[in-house]
Amino acid sequence: MPWWGVASALLANVLYSTGFVLEKRALAALPALSTRQPARVVRHLLSSPLWLGGSLALAAGFAAQLAVYRTLPIAAAQGIFVSGLVLLLLLSSVVLGERTSGRERQSIAAILVALVLVVASLRGDDARAVARTAPPTTLLMIAVPSLAAGLLLYRSAERRARRRHRLPTAGVPYGVAVGLLYGVSSLAIKGVSGLLTTHHLAAAAGQLFRSPYPYLLLFTGATGLVLSQTALQRCRASVIVPVCTTVTCVFTVACGTVAFGEPLPADPLRLALRLGGTAVAVAVLLALPRHDAPAPEPPAGIPELSHEAR
């Protein structure tokens, strides 16, 4: 039933937003993380009970996402997942004290419009169009270049961030890079959901481990953990997570529809609603600021405090 899928997607949004906010709050109390020391990153993360609580919320969101992909087409599911950005921006403001800009507040309204458009495009027979698996060759031809692009973009953002006299980044390049990794992960989750069955468990498990899905999940999970937590510690959650989510959404809709061969609605109105929701998600990404505002200069005649004095 599509409405069961909608409810699961909204539950996943709550769990993911809560998890990211808890992790962000935990990261503020941890030493500076570096992607050059991944084992140290993992050790620090596992030492924080608050971070572990956030990761458990994300794991529960992953389970809800499996249910979504069994009942909703890819394009519809991703359009609803984007609505979670509203809750994320609200939580980051209330819990983390992060200020949202006027452009980010406009994005909240745009995200709600995207949700309405996508939900309006759903119909009772959509579950019949849900594909279960993708050809491995097609999947890998999409996944491997995308993973390489994400890693290269993250490395480039790291180099730029180390330059002196540079405006503090708002985290958009980091969000795009991690979004590409999680986009591949989303395709793998979609594939796993199609192979999971309560009938013939041994046969289903054998088919699963012969597919590329669990190995893509393992790579994107481990790599995404180190990259996303390092970026989340440095930048505002209200920018990192929306950008990451939007890129993941657009990537999954565009590449997943091709890889899994799920048909779009034949009815022109439903097609326009679904594509319109995706287009609004892209507009949200383009509207987000690329840099945080620089810190205000101290008044004339008042010396700036040194880092030690602060």
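Colleague: How many disulfides does the structure hold?

Modeller: The structure holds 0 disulfides, a disulfide being a pair of cysteine sulfur atoms within 2.5 Å. This is a predicted model, where local features need pLDDT of at least 70, side-chain atom pairs count only at pLDDT 80 or more, and totals for chains, interfaces and linings use all residues. Residues are numbered from 1 along each chain as its sequence is written, and side-chain values use heavy atoms, with hydrogens and water left out.

Colleague: Why is C235 called buried?

Modeller: Buried means under 20% relative accessible area, exposed over 50%, and partly exposed in between (1.4 Å probe, protein chains only). C235 has 3% relative accessibility, so it counts as buried. C255, with a relative accessible area of 18%, is buried too.

Colleague: What does R123 count as?

Modeller: R123 has 43% relative accessibility, so it counts as partly exposed. R123 is in the loop between α6 (102-120) and α7 (136-161), helices being DSSP runs of H or I with at least four residues, numbered from the N terminus.

Colleague: What makes α5 roughly antiparallel to α11?

Modeller: Helix α5 (residues 84-94) and helix α11 (residues 237-260) pack at an angle of about 170°, taken between N-to-C directions on a scale from 0 to 180 degrees, with axes fitted to C-alpha atoms over the stretch in contact. Angles over 145 degrees count as roughly antiparallel, so α5 is roughly antiparallel to α11.

Colleague: Which residues of α5 make the contact?

Modeller: L85, L88, L89 and S92 of α5 do, where contact means heavy atoms within 4.5 Å.

How values were computed: Helix = DSSP H or I, 4+ residues; strand = E, 2+ residues; numbered from the N terminus. Parallel < 35°, antiparallel > 145°, perpendicular 65-115°, else oblique.
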